[in-house]
Amino acid sequence: MNRGQNRYLSCLSRDPRPKGTGRILLWLFPSTLLFVFLIPLTVRSSLIEHGRICLMKEVHTQAEEIDGYLHNHSVLGTVRTLGMASDNIMECLRGNLSCEDQFLTDELERIRQSCEAAIVYVMDTDGLVVASTTYGPDNSETLRGNNYSFRPYFTQALQGHDVVYPALGITTNKRGIYYSSPVYCICSGDCFNKIIGVTVVKIPLEKVDSILAATDHPAVLVSPLGNVFSASDPDWIFKQVFSAFSEVSGTLPNNPMDFNDPLPLGFDLNQTRLFIKDREHMVERMDLHLADETGPWKLFVLAPTADYYSAWDLCLPGLAVLLLHVFIAFVWIYKKSTGQAQCALREREQWYRVLFESSDNATFIMSQNKFIECNERTLDIFGVTREQILGYGPGRFSPEFQPNGIRSSEMAAHYLSRATDGERLRFEWRHTRLDGNEFDAEVTLNRVDLSGKIFIQAAVRNITDQKKAEQIRLEHSRHLKQIINASPVPTLVLDKNHRVTHWNKAIMNLTGIPVGEIVGTDQHWAAFYRQSRPILADLILNETSEKDISNIYGEQLRVSSIAEGAYETEAFFPDMGSKGRWLFFTAVPLKDMEGQIIGAIEMLQDITDRKHYEEDLHRAKEDVADAWAHTEAVNRKLELAAEQSRIMAKEAIQASKSKSEFLANMSHEIRTPMNAIIGFSDVLAEEDLNEDQRQYVETIRNSGEHLLGIINDILDFSKIEAGKLETEIMECSLWSLIDQAESLIRSAAEAKGLEFHVHRASDLPAQIWTDPARVRQCLVNLLGNAVKFTEQGSVSLDVQMERTEKVSFLRFDVKDTGVGIAEDKLSGIFEAFSQADTSHSRQFGGTGLGLTITRQLAQLLGGSVSVESHVGEGTTFTLRIPTNAGLDKPSFPQADSECGDDLCAVRIQVEELTRVFDSVSHAQTDGSPAQDPCPVSSEENRSKETSDAGLNQAT
């Protein structure tokens with residue numbers, strides 16, 4: 001402006017002045033000096049006050065924009081919905097679902113992408129992160145396992161509040177806005193409607209930085225404790241405003257929001273005016289709606305006082321007075337000069353208007369491909385000082401090649417040549433800041449003619465963020481298209497103009513209309529109707545009321561729970577397919593950030609088969625109703641038959657019981673005379689008999705013993721079947737038990753010329769708790785079978801321990817080299833009255849009850865019996881009996897104190913033997929020599945012991 005003023009004054013000095021000029025000057029100079037000094041002071045005060053009002057409006061606008069971003073209702077709604085409606089999150093917190101489950105991880109990742117969040121995670125009531133999306137340079141890190149119970153957004157959410165809280169990440173050390181909401185248990189039971197955790201979404205703070213950076217003046221976002229959390233100048237972030245609040249001292253409390261050892265900001269924001277780098281600034285502040293437990297967050301904006309007035313503003317009133325005085329004095333002398341001065345003034349005003357009207361863009365003037373003037377915004381965008389840009393060309397601030405592969409110098413020369421020819425150009429350009437960072441910009445070139453010279457005006461707008469946002473939008477659109485196309489659910493999407501934007505493969509298969517014929521058109525109705533009419537998605541786009549939609553679809557229409565404003569219904573479409581189709585369809589509105597409907601999505605499901613099934617079911621119900629009367633009659637007949645069956649079953653049970661009792665009684669009755677027969681045969685064997693008589697007596701005794709064994713088997717089997725056989729558990733010697741079984745069998749084996757071996761493991765216990773008589777009976781049965789069915793070779797008994805986590809077993813393996821058992825006969829070997837080969841009963845004898853009794857005795861003792869065999873290779877029977885070793889007094893059911901069947905049998909045999917010995921004694925009183933009435937070997941005595949105790953020889 002000084003150059004224009006000098007030019008104007010020089011024009012004045014060249015023109016002659018009229019007479020009386022001296023008197024006018026004498027009046028002009030004192031009055032001019034007075035106004036030049038007084039008026040600027042008044043004007044400056046008014047401009048500063050006006051500037052403060054403008055600054056307050058600017059602060060209010062920024063505060064509303066930041067509050068609107070921080071209290072993002074879309075994100076808050078998403079977090080609240082997660083806490084109240086996500087089954088995966090609720091099941092994870094209740095422990096019914098793995099927190100690393102892929103469905104839960106995918107759900108959190110979808111929420112993170114839809115909110116453009118940095119991370120999404122779930123915390124239990126102890127503040128432990130149980131589920132989290134990934135983050136980090138390679139997207140492999142997670143917050144799972146970290147505890148943030150001390151963070152305010154967690155503690156407040158546990159109290160049932162939805163929380164918005166800016167904070168510095170403990171783990172990532174990155175600033176962000178945390179949205180948290182409680183998770184409620186919606187299952188029935190004690191936990192219903194109870195808070196069981198917290199969901200958290202962290203949004204990056206770059207948006208707040210960009211809001212502050214977009215302002216015309218420096219701005220800072222300060223926490224209640226005086227920390228700079230975001231600022232238009234990145235160097236101010238994380239610094240401490242020690243005197244921002246009177247209640248904050250130089251030593252800050254240990255709060256998660258505070259930064260360690262922050263540096264001071266360097267100026268006092270509590271002042272209404274302050275000096276930064278020798279420049280006076282006005283300061284305005286405003287409390288935000290955002291607040292934490294220490295108080296509200298505050299926004300400070302600093303505006304240079306000189307921004308609201310300039311030397312021109314101060315000098316203009318005085319200059320105006322001066323010009324007024326000059327004009328009054330010399331109006332008639334300088335009419336032509338005044339016209340020249342006005343032209344110079346318009347030229348200067350046009351110059352500044354070209355440079356500074358668009359302050360949001362970098363604006364500069366070029367002449368001969370060099371920058372000759374620029375505005376302040378240019379210096380900010382390119383990161384330079386005025387001296388570093390003026391005098392240089394575009395090549396200094398461009399990379400060697402543009403993104404299209406053409407050299408920047410060639411493209412710049414081409415565009416400047418076209419602009420010089422008068423063509424208005426707008427294009428994208430890749431620029432380079434002086435620090436080497438590149439950014440994309442939109443450049444506008446205009447030709448400007450000033451004072452007969454050609455200049456190029458360039459306006460540069462940084463569009464890096466815009467391109468990134470567009471790229472993200474395109475990426476989201478591509479992902480949405482992939483999701484819809486991959487969905488097995490027939491789906492179509494309409495834009496706000498009712499044109500099809502998505503038509504996936506599933507709906508193409510359903511309707512038979514290919515994608516290329518439908519996308520981009522509004523003819524989607526042709527897939528369902530013969531004539532044009534709206535589908536449900538069209539009605540939602542038109543914001544048709546629920547009543548009007550119900551008039552179209554009837555009672556089948558209902559509000560869908562998928563989203564607000566969504567509906568679902570079903571209808572028959574006679575024009576689809578050869579016989580028509582039943583479809584179930586759901587339409588959901590698509591809304592923008594402001595809640596305006598911008599499209600609709602409709603999903604369909606072919607339910608024709610279900611409808612046919614429902615019709616068939618209805619007909620079946622009618623058939624059932626018709627048959628009900630007949631069924632009632634049949635039921636009455638069945639009830640009568642069932643009553644008869646119960647009576648017959650009761651009679652059968654009574655008959656079975658009578659049979660068992662009969663067998664037991666008959667066995668006792670038969671065994672009593674058999675004992676007498678065996679006893680007297682033993683007495684006769686000791687008499688002086690000839691060979692034939694001795695053979696007859698031996699035959700009688702052997703037959704009697706064989707018959708007694710059969711009777712004992714039948715008695716034991718009948719008692720087991722009747723449930724009257726009891727066990728007597730006692731502490732006994734394992735070694736003695738094995739020796740007794742061995743002594744009873746060894747003589748029989750050696751009599752047949754068989755080798756007999758007993759192998760004892762080294763870790764066998766000395767004492768066990770069991771019924772020794774029953775165990776000995778099982779072993780004798782198995783060993784006796786082995787000897788009976790083995791003609792040559794060997795019989796062995798292996799005893800070893802088997803241990804499990806809870807019980808220790810004694811394992812007895814009875815092995816022989818006998819005839820063996822066919823594989824198809826093994827399954828019935830333990831059945832009553834069963835033998836592997838019916839010829840065995842003729843060759844070896846026996847009732848077929850021995851193995852049955854052995855298995856049932858083993859089961860009574862808590863053990864088992866198994867068999868392995870091959871024909872011609874021998875047989876191995878395995879008996880497992882629990883040892884109960886290590887127990888002092890194990891708890892077992894005690895036998896009845898009264899005489900059991902076995903004891904009674906023993907007493908009966910003793911009585912019979914007593915009568916036999918008495919009769920022999922009477923016979924000897926006649927003078928015959930006294931002899932042993934039962935001259936049998938020790939082996940036979942042991943055999944008789946076994947028989948008397950109720951044990952059975954092998955069948």
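**Notes on the predicted model: salt bridges, a cavity and some loops**

1. The term means a side-chain nitrogen of Lys or Arg within 4 Å of a carboxyl oxygen of Asp or Glu. Asp287 sits in strand E11 (residues 279-292) and Lys298 in strand E12 (residues 295-304), so the contact ties together parts that are 11 residues apart in sequence. Helices (H or I, at least four residues) and strands (E, at least two) are DSSP runs here, numbered from the N terminus. Asp287 is partly exposed, at 43% relative accessible area, whereas Lys298 is buried, at 8%. Buried is under 20% relative accessible area, exposed is over 50%, and partly exposed is in between, with a 1.4 Å probe and protein chains only.

2. Some housekeeping before going on. This is a predicted model, with local features needing pLDDT of at least 70 and side-chain atom pairs counting only at pLDDT 80 or more, while totals for chains, interfaces and linings use all residues. Residues are numbered from 1 along each chain as its sequence is written, and side-chain values use heavy atoms, with hydrogens and water left out.

3. How many salt bridges does the structure hold? The count is 31. Side chains of opposite charge can pair when their charged atoms come close. Among the residues involved, Asp739, Glu742, Arg746, Glu750 and Arg760 are linked in a network.

4. Why are Arg746 and Glu742 separated by about one helical turn? Because they are four residues apart in helix H20 (residues 734-751). Arg746 and Glu750 are also four residues apart in helix H20, so about one helical turn separates them. An α-helix has 3.6 residues a turn, so residues three or four places apart point the same way. As for cover, Arg746 is partly exposed at 26% relative accessible area, and Glu742 is buried at 15%.

5. Now the cavities. There are five of 30 Å³ or more. A cavity is a set of points, on a 1 Å grid over the protein atoms alone, where a 1.4 Å probe fits but cannot get out, and lining residues have an atom within 4 Å of a point. Grid points are joined across faces, edges and corners, and a volume is the space filled by probe spheres set on the points.

6. The second largest cavity holds about 170 Å³ of space. Its lining counts 16 residues, with Pro394, Phe427, His431, Val443 and Leu445 nearest the centre. Strand E13 (362-367), helix H12 (408-420), strand E15 (425-432), strand E16 (438-450) and strand E17 (453-462) each give two or more residues to that lining.

7. On the surface, Phe662, Met666 and Ile670 form a nonpolar patch with about 260 Å² of accessible area together. Patch residues have over 30% relative accessible area and no salt bridge, with like charges joined within 9 Å and nonpolar side chains (Val, Leu, Ile, Met, Phe, Trp, Tyr) within 5 Å. Accessible areas come from the Shrake-Rupley method with a 1.4 Å probe, and for residues only the protein chains shown count as cover. Ile670 belongs to helix H18 (residues 608-685) and is partly exposed at 35% relative accessibility.

8. Backbone angles next. Most residues other than glycine have a negative phi. Asn139, however, has a positive phi near 55°; this residue is in the loop between strand E3 (134-135) and strand E4 (141-142). His498 also has a positive phi, about 65°, and lies in the loop between strand E18 (491-495) and strand E19 (500-503).

9. Gly520 and His498 are 22 residues apart in sequence, with C-alpha atoms 9.4 Å apart. Thr464 and Asp440 are 24 residues apart in sequence and 5.0 Å apart, C-alpha to C-alpha. Thr464 is in helix H13 (residues 464-486) and is buried at 17% relative accessible area.

Terms used: 1 Å grid on protein atoms, 1.4 Å probe; cavity = no way out; pocket = protein on both sides within 12 Å on 5 of 7 lines; lining within 4 Å.
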